[in-house]
Amino acid sequence: MNLEKIKIIVEQGVAIFLGFSLLFLFIAFLSRAIKFRFFSKNLDKFNTEEDLILELQKGLHLISSITTNSVYIGLFGTVVGILITLQSVNLDKTKLVANLALPLISTAAAIIVAIIGNFIVNYLEEYANRV
């Protein structure tokens, strides 16, 4: 397998992972928001405030893990893309710049996923602590 095929596979894998991560974050946010609304209207189902907070914080560690790891996945795609591009250094300057652009886009996408995920986790934790 040549380096270009490996680069394409890694870049597409990173893009697919980040796309699914973003989709999961939005679905998790919506489901948690619905659950929070339900719990806040049915507070009498919980014996103590700690039980309510524990129930509201269930699953937030998964969202937090996806948020944290998306940056590393994006950086992995960037490093692999740059290494493969630099190994084929005999390219002219326009091809070199074009080949370096896509790995950097994967990093930008990973950072966007991480920022959105971080916002969601912080919002849901704050909401859980306010109730």
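Lys 93 is exposed, with a relative accessible area of 71% (exposed means over 50%, buried under 20% and partly exposed in between, for a 1.4 Å probe and protein chains only). This residue is found in helix H4. Helices are DSSP runs of H or I with at least four residues, strands are E runs of at least two, and both are numbered from the N terminus. Lys 93 and Thr 48 lie 45 residues apart in sequence. Their C-alpha atoms are 65 Å apart in space.

The model is predicted; local features need pLDDT of at least 70, side-chain atom pairs count only at pLDDT 80 or more, and totals for chains, interfaces and linings use all residues. Residues are numbered from 1 along each chain as its sequence is written, and side-chain values use heavy atoms, with hydrogens and water left out.

The chain contains four helices and zero strands. From the N terminus on, its elements run α-α-α-α. The radius of gyration is 20 Å, well over the 14 Å that the globule rule gives for 131 residues, so the chain is more spread out than a compact globule. This radius is taken over C-alpha atoms, and the rule is 2.2 Å times the number of residues to the power 0.38. Along its principal axes, the C-alpha trace spans about 70 × 25 × 20 Å.

Contacts (heavy atoms within 4.5 Å) were counted at a separation of 6 or more; 81% of them join residues 24 or more positions apart. Of the 131 residues, 33% count as buried. The accessible surface comes to about 8400 Å², and carbon and sulfur atoms hold 68% of that area. Areas come from the Shrake-Rupley method with a 1.4 Å probe; for residues, only the protein chains shown count as cover.

The largest nonpolar core has 22 residues. Such a core is a set of buried Ala, Val, Leu, Ile, Met, Phe, Trp, Tyr and Cys residues joined through side-chain atoms within 4.5 Å. Leu 25, Phe 36, Leu 56, Ile 63 and Leu 124 touch the most other members. Helices H1 (3-41), H2 (49-56), H3 (60-87) and H4 (93-130) each give two or more residues to this core. Beyond its neighbours within four places in sequence, Leu 124 contacts Phe 29, Arg 32, Phe 36, Leu 60 and Ile 63.

Glu 11 sits in helix H1. Glu 11 counts as buried because its relative accessibility is 10%. Leaving aside neighbours within four places in sequence, Glu 11 contacts Gly 81, Leu 102 and Pro 103.
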